[in-house]
Amino acid sequence: MGLLRLLLALIVCYDHYAAAKGYPLRPMGITADQSVEVFFLISGFYMALILTTSYVGPENRMRFYRNRILRLYPTYLFLVLVHTVGAIIIAMINGKFTIFSEKVAALSAADPFTFLYIILSNVFIFGVNESFFFSWCPDLGTLCTFDPAALPGYILTVIAPAWSIEVELIFYLFAPFLITVRSVYLWPIALVTIAIKLWMRFSPQLLDNT
């Protein structure tokens, strides 16, 4: 299962790189979006497995949360540090920021609330995913309603793909409680969410705005 998740992660990395370079996409016939969704499905089954074997009972709930945090946050914060230090070194060599130019400009123009949001979301991950639903409006110094002509809100994030980690973290928060719910109640929820996803995917109104 670990090797399959690694393969899916590599497909995502390749798709992002190939898109930037103009190379053919869909290695192994699936896209990055599809790989992420399969990754989430596998994580769901894996979490259900370990919660019913290694973390049984409410007394092990905090141990589950602690172990999930220790698996994700140190690696994420290390990557943020490496990315930031690398950007600073490049800025010192070039005499100006190139990688972080938009982020530095956003920080300098942000109002206090948005400045705090930028810092906290990049440190704690929660909030990174939400930035994709907004645009960055430097004149106002804040995030605003999504506008395809404006700068995307995710330029405020150090590692934009961390949106998927936030989704995982939200699932981890609810997973210990979901396994205690009977399947007869979970199936309707699953069917409704699938229906909403299909509507969002194929809705003519939404397609017209993309």
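1. Terms first. A residue is buried if its relative accessible area is under 20%, exposed if over 50%, and partly exposed in between (1.4 Å probe, protein chains only). By that rule Tyr-172 is buried, with a relative accessible area of 7%. Phe-171 counts as partly exposed, at 26% relative accessibility. Across the chain of 210 residues, buried residues make up 28%.

2. Ground rules. This is a predicted model, in which local features need pLDDT of at least 70 and side-chain atom pairs count only at pLDDT 80 or more, while totals for chains, interfaces and linings use all residues. Residues are numbered from 1 along each chain as its sequence is written, and side-chain values use heavy atoms, with hydrogens and water left out.

3. The overall plan. The chain has eight helices and three strands. Both kinds of element are DSSP runs, numbered from the N terminus: helices are H or I with at least four residues, strands are E with at least two. In sequence order the pattern reads α-α-α-α-α-β-β-β-α-α-α. The C-alpha trace spans about 60 × 45 × 35 Å along its principal axes.

4. Helix H2. This helix covers residues 32-51, 20 residues in total. From first C-alpha to last, H2 reaches 28 Å, close to the 28 Å expected at 1.5 Å a residue. The expected span is 1.5 Å times one less than the number of residues.

5. Which residues of H2 are buried? They are Ala-32, Ser-35, Val-36, Ile-42, Ser-43, Met-47, Ile-50 and Leu-51. These residues cover an arc of only 155 degrees around the axis, so they lie on the same side of H2. The arc is taken from the directions that run from the helix axis to the C-beta atoms. On the face turned away from the buried side, H2 carries the exposed residues Leu-41 and Phe-45.

6. The sheet. Three strands form an open sheet in the order S2-S1-S3, with antiparallel pairing. S2 and S3 stand at the edges with a single partner strand each, so one side of each has no neighbour in the sheet. Two strands pair if DSSP finds at least two bridges between them. Strands of a sheet pair through backbone hydrogen bonds, either parallel or antiparallel.

7. Strand partners. S1 (residues 134-137) and S2 (residues 142-145) are antiparallel and share four bridges. Phe-134 stands opposite Thr-145 in S2, and Cys-137 stands opposite Thr-142 in S2. S1 and S3 also run antiparallel, joined by two bridges. Here Trp-136 stands opposite Leu-151 in S3.

8. S1 and S2 form a hairpin with four residues between them. Gly-141 in the turn has a positive phi of about 70 degrees. The structure holds one disulfide, a term for a pair of cysteine sulfur atoms within 2.5 Å. Cys-137 and Cys-144 form the disulfide, with their sulfur atoms 1.7 Å apart. The link is right-handed, with 45 degrees about the S-S bond. Cys-137 and Cys-144 are both buried.

9. Aromatic pairs. There are six in the structure. Rings of Phe, Tyr and Trp (its six-membered ring) pair if their centres lie within 6.5 Å; planes under 30 degrees apart count as stacked, over 60 as edge-to-face and the rest as tilted. Phe-132 and Tyr-154 are stacked, 5.0 Å centre to centre with 25 degrees between the planes. Phe-132 lies in the loop between helix H5 (112-124) and S1, and Tyr-154 in the loop between strand S3 (151-152) and helix H6 (163-178), so the pair ties together parts that are 22 residues apart in sequence. Phe-132 is partly exposed, with a relative accessible area of 31%. Tyr-154 is partly exposed too, at 35%.

10. A tilted pair and a cluster. Phe-171 and Tyr-172 form a tilted pair, 6.4 Å centre to centre with 50 degrees between the planes. Ring pairs link Phe-171 and Tyr-172 with Tyr-55, Phe-64 and Tyr-65 into a cluster.

11. Charges over rings. A charge sits over a ring if NZ of Lys or CZ of Arg is within 6 Å of the ring centre and within 35 degrees of the ring normal. Which ring lies under the charged end of Arg-68? The ring is that of Tyr-172, with the charged end 5.9 Å from its centre. Arg-5 lies over the face of Tyr-46, 5.0 Å from the ring centre.
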